Amino acid sequence: MNHLIDITDFSVEELKDLLDSALDIIKNPEKYQEKCKHKKLATLFFEPSTRTRLSFEAAMYELGGNVIGFSDGASSSATKGESIADTAKIVSNYADIIAMRSPKEGAALVASLNSSIPVINAGDGGHCHPTQTLADLLTIYREKGTFDNLTVGLCGDLKYGRTVHSLIAALSRYKGIKLVLISPKELRIPANVLEDIIIPNKMEYIEVENLEENISNLDVLYMTRIQRERFTDMNEYERLKNSYVLDVNKMNKAPSKMIVLHPLPRVNEISVKVDSDPRALYFKQALNGKYIRMALILKLLSEKDKVTKFSFENNKLLYNKYKCNNPKCICQTEQELEQISKIVDEKNNVVRCIYCEQRTN
Ligand code: CP
């Protein structure tokens, strides 16, 4: 079974094919109107969403398919204690493909390991959000025509912003990418992204705090919201919530060809006055999200027999040797879930939980 749990589940060639498929859908929508006739997408959303859920649902309807599911875990049997694994097994009987969002990190991986239909990770806590990355990549591709040699500024909450983690993983496979990581010290990029992706892939990067001083060097500025729902200390959130506001003055210092992306929702980190700037592409990015999700549904439904990249044989796994201490990890709540860690760096003895990718040793 093929799934999309992490953006690197797809090779660079597969991503290119997916982007080209989305471009063809944009050009020839009528060709795709019945491609998913009699197919059902299940949207299982245990966490709020506007763009991801509705664009998935619109995507399936525009492919001629149908949608079942829930937009609030409180209306599902999860409230009675049903596990993610059991939910995935049950929904496999009713639908052809699942898109799942959960606040638990690793939830989509657990679902995929228990599902007999393709599972798409529509966001798992602060961990990753690969379909947002597909929307980001399509937007960059349509504007720049390439990913190579771009200087990409990522600004805001780089610690909890799952879209940032997935975007960096995607960009790590292209040539000459430079990352400008702009955040307060408290919200810097997590160790697993730095140590497992940026450093081993020899990505050029700097970590800075000031947006204004760095904006003039960027090809892409990716703004993010400070993720209130992920903070355990609300005083810290209150202190950091207004760290960055992209306004007209700052845009005046940016290159004329720089593009501004944001996964949205926006709170106050981009002034609404910036919306009319032709470089502001975040609303187009949300529309691109629908097209790329159409391409993704078609791809996964046509490859049901293909085995996903995550394979127990291909990883150096340790069973029940270490315990994951991340309170947001799916392993803290899922019934009888084995504690599995993967060795990601033998030389430096780095071992991580397979579900949330936090260190377990
Ligand atoms: N970008 C994104 O994931 O938006 P939603 O939370 O509205 O789905």
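The centres of domain 2 and domain 3, taken over C-alpha atoms, are separated by 29 Å. The protein chain is divided into domain 1 (7-129 + 289-302), domain 2 (130-286) and domain 3 (312-353), with bounds that come from an automatic or database domain assignment. This is a predicted model, in which local features need pLDDT of at least 70 and side-chain atom pairs count only at pLDDT 80 or more, while totals for chains, interfaces and linings use all residues. Residues are numbered from 1 along each chain as its sequence is written.

**Sheets and strand pairs**

Helices (H or I, at least four residues) and strands (E, at least two) are DSSP runs numbered from the N terminus, and two strands are said to pair if DSSP finds at least two bridges between them. Four strands form an open sheet in the order 2-1-3-4, and their pairing is parallel. Its edge strands, strand 2 (66-70) and strand 4 (119-124), each pair on one side only. From one strand to the next the twist averages 15 degrees, where axes are lines fitted to C-alpha atoms, for helices over the stretch in contact, and angles run from 0 to 180 degrees between N-to-C directions. Helix 2 (residues 51-62) packs on this sheet, touching strand 1 (40-45), strand 2, strand 3 and strand 4, and its direction makes about 175 degrees with that of strand 1; contact here requires C-beta atoms, placed from the backbone, that lie within 7 Å.

A second open sheet has three strands in the order 10-11-12, with antiparallel pairing. Strand 10 (317-319) and strand 12 (350-353) are its edge strands, each pairing on one side only. Neighbouring strands of this sheet are turned by 35 degrees against each other on average, direction ignored. Lys-342 of strand 11 stands opposite Leu-317, and Lys-342 also stands opposite Arg-352 in strand 12.

| Strand pair | Sense | Bridges |
|---|---|---|
| Strand 3 (residues 97-102) and strand 4 | parallel | four bridges |
| Strand 6 (residues 178-182) and strand 7 (residues 204-208) | parallel | five bridges |
| Strand 10 and strand 11 (residues 340-345) | antiparallel | three bridges |
| Strand 11 and strand 12 | antiparallel | four bridges |

Within these pairs, Ala-99 stands opposite Ile-120 in strand 4, and the bridge partner of Ile-182 in strand 7 is Val-208. Strand 6, helix 7 (residues 191-198) and strand 7 make a right-handed β-α-β unit, right-handed meaning that, with the strands pointing away from the viewer, the path from the first strand over the helix to the second runs clockwise.

**Backbone exceptions**

Most residues other than glycine have a negative phi, and most peptide bonds are trans. Asn-320, in the loop between strand 10 and strand 11, has a positive phi near 55 degrees. Strand 11 and strand 12 form a hairpin with four residues between them, and Asn-349 in the turn has a positive phi of about 55 degrees. A cis peptide bond with omega of about 10 degrees joins Leu-264 and Pro-265, and Pro-265 is found in the loop between strand 9 (259-261) and helix 10 (282-302).

**The ligand shell**

Leu-264 and Pro-265 also belong to the residues around the ligand, together with Ser-49, Thr-50, Arg-51, Thr-52, Gly-123, Gln-132 and Pro-263; a residue counts as near the ligand if its C-beta atom, placed from the backbone, lies within 6 Å of it. By class, this shell has three nonpolar, five polar and one charged residues, where Ala, Val, Leu, Ile, Met, Phe, Trp, Tyr, Cys and Pro count as nonpolar, Asp, Glu, Lys and Arg as charged, and the others, Gly among them, as polar. The shell draws at least three residues from each of domain 1 and domain 2.

Technical notes
Two residues are in contact if their C-beta atoms, placed from the backbone, lie within 7 Å.
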